[in-house]
Amino acid sequence: MYRHASLAALLLALLPAGLRGADPTPVQQALSHEIIGPRQALLDVQDRIEGRIPRMPEVKSVAEWDKHAERIRRELLERVVFRGAAASWREAKGQVKWFDTIPGGPGYRIKKLRYEAVPGLWIPALLYEPEKLAEKAPVMLAVNGHDGNGKAAGYKQIRCINLAKRGMLVLNVEWLGMGQLKKTGYQHYRMNQLDLCGTSGVAPFYLAMTRGIDVLLSLPGADPERVAVSGLSGGGWQTIFVSSLDLRVKLANPVAGYSGFRVKLRDHFKDLGDSEQAPCDLGTIADYTHLTALRAPRPTLLTYNSKDNCCFEAGYALPPLLNAGRPIFDLHGKENALRSHVNDDPGTHNYEKDNRQAFYRMLGDFFYPDDKKYSADEIPSNKEIKTRPDLDVDLPEKNADFNTLALELAKKLPHTPAMPSDREAARKWQQSQRDKLRSVVHALDFKVQATRIGDTEKDGLKATFWKLRLGDAWTVPVVELMRGEPKGTTILLNDAGRRADFVNVESLLKAGQRVLTVDLFYFGEAKVAQKDFLFALLLACLGDRPLGVQASELAAVARWSLGEHKNGPLSVVAVGPRLSVVSLVAAGLEEKAIGRLELQGALGSLKEILEQNRSVDQMPEMFCFGLLEALDVKQLAALVAPRPVALPDASDRAKAELSGLKAWYSLLGRDFDPVGGTIEPSRGK
């Protein structure tokens with residue numbers, strides 16, 4: 001039937017404009033009609049997120065705050081950091097391998113080492129060790145951000161050298177995705193591959209830090225009462241994240257590294273950070289304002305830059321953090337322990353001399369209060385900076401990364417009970433798995449308020465333009481098209497947006513269908529114009545699932561159409577791998593309104609996302625936490641049966657995965673082959 005329509009659209013789009021025809025057809029004109037405008041999707045997601053951001057609790061005593069603090073730490077560790085396989089990673093005893101020692105400069109040496117953050121994932125590091133070590137020496141974990149030089153960054157080396165010359169043991173660690181670990185598999189937007197498998201993607205980041213602290217505290221002479229962490233940018237994020245949750249960190253100095261959710265949501269999109277800064281469900285428990293307060297009463301210096309050309313400018317980022325933290329530090333009687341420093345020269349995104357000296361002063365006040373010889377002036381060390389090759393550490397040839405960890409986890413997934421072989425048990429299986437799916441995608445039941453915003457009729461084509469308001473959060477544009485009296489209704493979705501798919505529309509109209517072309521959230525007209533996938537991350541961070549939002553929208557549109565058009569369960573045609581999965585989820589959840597599916601270009605398995613090493617910026621909703629752990633494409637399709645799910649021109653992978661469903665359909669009372677089947681649109685029964 002219209003199985004080749006998407007290919008036809010592609011071929012047509014590749015033709016020169018003159019051959020395509022200069023004037024758009026009535027269908028093309030209708031599909032291009034603006035319904036919700038370019039800002040509505042952004043406003044929707046902002047409103048949804050803002051209403052869910054947790055606020056600081058009002059407390060009147062240290063005891064009252066301590067109860068909140070203990071709960072926040074426990075829940076963040078259990079429900080965010082150590083989910084899934086990460087719980088076993090936490091219990092694993094990480095190995096440490098020491099290598100050669102190289103000369104440093106006057107008064108210190110550098111020892112090379114690597115340590116396991118996660119079984120099989122090694123972090124290269126450098127220990128800056130004073131030649132004359134006190135009986136009890138302070139220690140510092142030196143983290144860093146998005147600098148391709150990693151641990152070899154000059155400003156980081158100078159910081160480590162200066163602290164070693166002051167008698168501190170300093171561990172300079174490589175960050176995932178930087179320096180020696182600057183490889184595709186460590187790219188931060190790929191940590192969400194672990195989320196798809198039901199394991200926390202932020203866990204390797206956290207363990208890379210806590211294992212580093214383990215290394216430091218295992219050293220002879222390390223003083224557990226004087227443990228510091230500091231870093232720039234992503235290193236500032238690392239600093240607040242580990243030092244708020246790990247009570248061993250006595251002093252923290254995050255530099256230009258984070259802001260609260262409210263600050264970045266409306267006016268400062270440049271603060272919308274990478275995946276690790278918005279890990280799944282973090283915002284259901286705490287904002288970064290809470291993490292700042294969790295530092296109380298331990299010494300904390302918040303450093304920001306006045307003209308930051310990257311992110312987290314002092315003027316807007318710093319005040320909300322101080323406003324959240326100060327009352328808690330005051331309750332403890334430690335007003336002086338929470339400090340801030342704003343750099344004006346150069347004032348850009350930096351951890352240069354002025355910011356470093358602010359850190360040295362903080363260390364002097366709290367780690368060396370009785371040392372009258374201590375000076376916060378930087379010790380000139382530029383000539384001691386070493387090249388990257390000088391500081392490289394041996395790593396295993398097959399060091400694990402996000403992708404290899406996810407692929408290994410996926411071998412045993414999904415954890416779905418076997419599909420039974422009798423009809424009664426099969427229906428019970430469907431219901432139990434449907435309930436599981438609803439929970440995994442955080443499905444929502446939307447009531448629809450439909451507004452007809454216009455009609456046109458040209459050359460026998462009638463177009464009606466609808467704006468659907470779903471619940472109190474989401475707005476979905478719909479173009480309804482028909483010629484004559486329709487035989488049935490089909491919803492058409494396309495990964496490229498409704499405007500791209502006039503060929504499928506024409507095929508459906510010729511088949512006598514009323515066609516509802518729909519742009520779900522993140523697609524077509526409902527796509528956020530900038531930073532779209534970062535808002536998807538933030539949405540999941542605050543407890544929603546983009547996939548669940550989209551599937552719930554589709555189910556709601558189908559129910560609305562069923563009531564509006566009254567011609568029985570409708571068909572859904574989805575073009576592209578992303579909306580094919582969305583449609584499977586929606587049909588799995590909505591048993592009545594969606595009568596049949598045709599999926600063009602569908603995945604045969606969610607594991608293809610991992611095998612192709614996809615990242616969350618490429619397909620944001622596909623990394624729904626725990627989806628692959630619960631159900632794969634085959635099981636999703638099995639939930640829809642006995643309603644037809646056709647995958648015309650299926651890939652070899654899809655054929656291999658879904659060929660067994662023909663018997664499943666027979667068991668449920670329908671003779672149908674998903675792999676070869678096509679759907680002739682007709683009135684549902």
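Buried means under 20% relative accessible area, exposed over 50%, and partly exposed in between, computed with a 1.4 Å probe on protein chains only. The model is predicted, so that local features need pLDDT of at least 70 and side-chain atom pairs count only at pLDDT 80 or more, while totals for chains, interfaces and linings use all residues. Residues are numbered from 1 along each chain as its sequence is written, and side-chain values use heavy atoms, with hydrogens and water left out.

**Exercise 1.** Find which cysteines are joined by a disulfide, taken as a pair of cysteine sulfur atoms within 2.5 Å.

*Solution.* Step 1: the rule gives one disulfide, and the partners are Cys310 and Cys311, with 2.5 Å from S to S. Step 2: the link of Cys310 and Cys311 is right-handed, with 70° about the S-S bond. Step 3: Cys310 is partly exposed at 32% relative accessibility, whereas Cys311 is buried at 5%.

**Exercise 2.** Decide whether Cys197 is buried or exposed, and state how far away the nearest cysteine sulfur lies.

*Solution.* Step 1: the nearest cysteine sulfur to Cys197 belongs to Cys624 and is 12 Å away, and Cys197 is in no disulfide. Step 2: Cys197 has 4% relative accessibility and therefore counts as buried.
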